[in-house]
Amino acid sequence: MHTITLIPGDGIGPEITKAVTDIFAAAQVPVQWEEQNAGQTTFDQSGELLPQALLDSLERNKVGLKGPLTTPVGKGFRSINITLRQKFDLYQNVRPANTTEGIASRYSGIDLVLFRENTEGLYSGLEMFDERLGIADSIARVTLDGCRKICRAAFAYAAKHGRKKVTLAHKANILKLAGSMMINACRAAAEEYPEIIFEDKIIDNMCMQLVNKPEQFDVIVTTNLFGDILSDLCAGLVGGLGVVAGANIGDETAIFEAVHGSAPDIAGQGKANPTAMLRSGLMMLHHLGEHAHADRIEQALNATLKQKDKCTGDLGGKASTSEFAQNVIDNLA
Ligand code: NAI
């Protein structure tokens, strides 16, 4: 039995995490949940944004499943997501994107995994504002150690999963220092894996190529901000934010969460698609070595996705979040 820290989160978070725990319970997955929360919800209840009890729980369990947390735009508190990633050194943000039968997309044959550096760059939290001069500095701090770790992780993943190519997306023509540190770190990692093709592309060209011919990409590695943006772009390639999973992985601790945010526009209405959250839960099961349980639930999910009328509105169906979860449960073999 695995004990997992469950963070329901804000907005649609409680609805989609419940869908996952219901499906796991029906499938008799050997996990027990330790529920802890953070963010706007806990702040409204207790005045605490990131309760110590949550940190202690993650410290103990080493694995978490997390719903999205709201971060105020342009003001207010610093992102709890970033704080968690930095606190537990979850330096890999792993986001697979693949076309799936039953999920409408303009493309076919996409099967890529994005590795986003998750703790540095423009998300380092180094911001200064001189009101008198009207100058804002947002510093993108990139370390050699951080570059090496994410590049090695991307190549190690590619080798382990029989992937053929790693593409680095960067902006080293303009950001010459940070960009070339990333290129050099990737070249060094590539030397350890001669069977894997390594290429690099400037981020603007990368965006065009992803939209134009996404099936050419296999594993992509990039810095924090570019990865944040590219992963939503990749979600758009394969059916939208409701279906794309993610994982924040460190050497000791891992937190699994969907790519999307708290979706305040549909929160509390039973409209959210729990697929992205469920797929994140399946990544978690593989991480825990529970491959058979993950494969069984994935088959039930894929069977459900082929029945359009049994899916949520974003996929063209009429099912609510909880009805969708029940449909997955009904499809468990
Ligand atoms: P969002 O991802 O929450 O929503 C963007 C659009 O996608 C909305 O129209 C929403 O309804 C739709 N959408 C998202 N998830 C969906 C799902 N499961 N099923 C169906 N439709 C879905 O992005 P937005 O609106 O920019 O951000 C809202 C809040 O979420 C912000 O406070 C942001 O900081 C936070 N956020 C949190 C993340 C996290 O906790 N990891 C990641 C991204 C954003």
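This is a predicted model: local features need pLDDT of at least 70, side-chain atom pairs count only at pLDDT 80 or more; totals for chains, interfaces and linings use all residues.
The centres of domain 1 and domain 2, taken over C-alpha atoms, are separated by 24 Å.

As for where the domains run, the assignment gives domain 1 as 1-91 + 239-333, and domain 2 as 106-237.

Now the interface. Between them, domain 1 and domain 2 bury about 1100 Å², and 50% of that is on carbon and sulfur atoms. Which residues of domain 1 lose the most area to domain 2? They are Arg85, Gln86 and Tyr91, which together make up 46% of what the domain 1 side buries.

Next, the polar side of this interface. Eight residue pairs are in polar contact across domain 1 and domain 2.

How many salt bridges are counted between the two domains? The count between domain 1 and domain 2 is one. Elsewhere on my list is the pair Lys149 and Asp89, which form a salt bridge with their closest N and O atoms 3.0 Å apart. In general, side chains of opposite charge can pair when their charged atoms come close.

Over the whole structure, the search finds 14 salt bridges. Another one to look at is Lys18 with Asp22, where the closest N and O atoms are 2.7 Å apart. Why are these two separated by about one helical turn? Because Lys18 and Asp22 are four residues apart in helix H1, residues 13-26.

Last, the ligand. There are 22 residues around the ligand, and those that come nearest are Leu69, Thr71, Gly261, Ala263 and Asp265. Asp265 also has a polar side-chain atom 2.9 Å from an oxygen atom of the ligand. For Ser262, the atom to look at is in the backbone: a polar one, 3.0 Å from an oxygen atom of the ligand.

Notes:
Residues are numbered from 1 along each chain as its sequence is written. Side-chain values use heavy atoms; hydrogens and water are left out. Domain bounds come from an automatic or database domain assignment. Buried area is the accessible area (1.4 Å probe) that two parts lose on being put together, summed over both. A salt bridge is a side-chain nitrogen of Lys or Arg within 4 Å of a carboxyl oxygen of Asp or Glu. A polar contact is a pair of N or O atoms within 3.5 Å; within protein, one must be able to donate a hydrogen and the other to accept it, and residues adjacent in sequence count only if both atoms are side-chain atoms. A residue is near a molecule or strand if one of its heavy atoms lies within 4 Å of it.
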